[in-house]
Amino acid sequence: MDVRQSIHSDHAKQLDTAALRREFLIEKIFEADTYTLTYSHIDRIIIGGVMPVKSTVNFGDELGKQFGVSYFLERRELGVINVGGPGVIEVDGKTWEIGNQEALYVGKGARNLSFRSANPDQPAKFYYNSAPAHSTFPDKKITLQEASSTTLGDAATSNRRTINKFIVPDVLPTCQLTMGLTKLEEGSLWNTMPCHTHERRMEVYFYFDMSEETAVFHMMGKPQETRHLLVHNEQAVISPSWSIHAGVGTQRYTFIWGMVGENQVFDDMDHVKISELR
Ligand SMILES: O=C[C@H](O)[C@@H](O)CC(=O)C(=O)O
Ligand SMILES: [Zn+2]
């Protein structure tokens, strides 16, 4: 498992490119027939991907042992969004068919999870976030139609996009995890600009739906001390509460955001004026 410590903004601002990438970027989310897992000490979020191709991938008791409990979701909740071909997630014997751009929430207490693809030529790519949880809420599949969606931004500012909120209080109850998928329109390149921070929660962005020769310049850092990370297809960035999180692509792209913290109010953001960024 890849462990990322919490980091103070005074330390982060001194880092060079390689060190910034080591702290904040997750370069490989999907590996065939296995899961990847990054454990961040920031709000104890877990970030990873499951890509079953020829075989089934399991979250069994051995995974739980790595966290000092009997099984992974003993004291955690899980959110999954499939960005690949159609797949199946089995949760304690119950089968959930999860297609492209569909999500599954799994509540605390689920013991055996397995992931498989419907077709090895078109493997499912299950991106997931997990957060500590202290009560159990029902498992639920969320389709794109069931997500709460808003289209905003303008072609003139290259930021026309649709925010699809899959795992938010309007759609289903969770302990702290929220997740959604933001899709940029053709010709739109900017996400989350004007940008914001949120003192009361952290956030992870997972960028995908990009071709090989494109990149997103992801903006991070305190609003008056910005840095950037060069992000390529299917990579994720960890944002501490003190950091802005916005990006501009060399071409349109899609990304999944996931948030963990004490507050699930989506609009609880500390907005930053573009004129005040440094
Ligand atoms: O706190 C909320 C998150 O940063 C994202 O939902 C923002 C986003 O998807 C966008 O503006 O495109
Ligand atoms: Zn945010």
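Two strands count as paired if DSSP finds at least two bridges between them. The legends below describe a predicted model.

Figure 1. Buried residues make up 43% of the 278 in the chain. Of the contacts between residues at least 6 apart in sequence, 71% join residues at least 24 apart.

**Figure 2. An open sheet of four strands in the order 16-22-19-20.** The pairing in this sheet is antiparallel. Strand 16 (190–191) and strand 20 are at the edges, and each has a single partner strand, so one side of each is left without a neighbour in the sheet. Strand 16 is joined to strand 22 by two bridges in the antiparallel sense. Strand 22 (residues 246–249) is in turn paired with strand 19 over four bridges, again antiparallel. Gly 247 of strand 22 stands opposite His 218, and Asn 191 also stands opposite Gly 247.

**Figure 3. Strand 19 and the hairpin to strand 20.** Strand 19 covers residues 216–222, and five of its seven residues are buried, so the strand is largely enclosed by the rest of the structure. A hairpin of two residues connects strand 19 to strand 20. Strand 20 (residues 225–231) runs antiparallel to strand 19, and seven bridges join the two. One bridge pairs Lys 222 with Glu 225 of strand 20.

**Figure 4. The largest nonpolar core, with 70 residues.** The residues with the most contacts inside this core are Val 80, Ile 81, Ala 103, Phe 206, Tyr 207 and Val 237. Strand 18 (residues 201–208) gives the most to the core, with six residues. In soluble globular proteins, nonpolar side chains tend to be buried together.

**Figure 5. The surroundings of Val 237.** With neighbours within four places in sequence left aside, the contacts of Val 237 include Phe 24 and Leu 25. Val 204 and Tyr 205 are also among its contacts.

**Figure 6. The residues around ligand 1.** The shell consists of Arg 161, Ile 163, Thr 182, Asn 191, Thr 192, Glu 203, His 245, Trp 257 and Met 269. By class, three of the shell residues are nonpolar, four are polar and two are charged. Asn 191, one of this shell, stands opposite Gly 247 in strand 22.

**Figure 7. The loop between strand 16 and strand 17, with Thr 192 and Pro 194.** Most residues other than glycine have a negative phi, and most peptide bonds are trans. Phi of Thr 192 is positive, near 55 degrees, in a residue other than glycine. Thr 192 has 21 C-beta neighbours inside 10 Å, and therefore counts as buried. Thr 192 is also among the residues that surround ligand 1. The peptide bond from Met 193 to Pro 194 is cis, with omega near 5 degrees. Strand 17, at one end of this loop, covers 196–197.

**Figure 8. Glu 234 in the loop between strand 20 and strand 21.** Strand 21 covers 235–239. Glu 234 is not a glycine, yet its phi is positive, at about 65 degrees. A residue is buried if 20 or more other C-beta atoms lie within 10 Å of its own. Glu 234 has 20 such atoms within 10 Å, so Glu 234 is buried.

**Figure 9. Glu 262 in the loop between strand 23 and strand 24.** Strand 23 covers 254–261 and strand 24 covers 270–271. Glu 262 has 9 other C-beta atoms within 10 Å and is therefore exposed. Apart from neighbours within four places in sequence, Glu 262 is in contact with Arg 200 and Arg 201. Cys 175 and Glu 262 are 87 residues apart in sequence, with 9.1 Å between their C-alpha atoms.

Key:
Residues numbered from 1 in each chain as written. Chains lettered and ligands numbered in written order. Predicted model: local features only at pLDDT ≥ 70, side-chain atom pairs only at ≥ 80, totals over all residues. Near = placed C-beta within 6 Å. Nonpolar A, V, L, I, M, F, W, Y, C, P; charged D, E, K, R; others polar. Buried ≥ 20, exposed ≤ 12 C-beta atoms within 10 Å, placed from the backbone. Contact = placed C-beta atoms within 7 Å. Core = buried A, V, L, I, M, F, W, Y, C linked by C-beta atoms within 7 Å.
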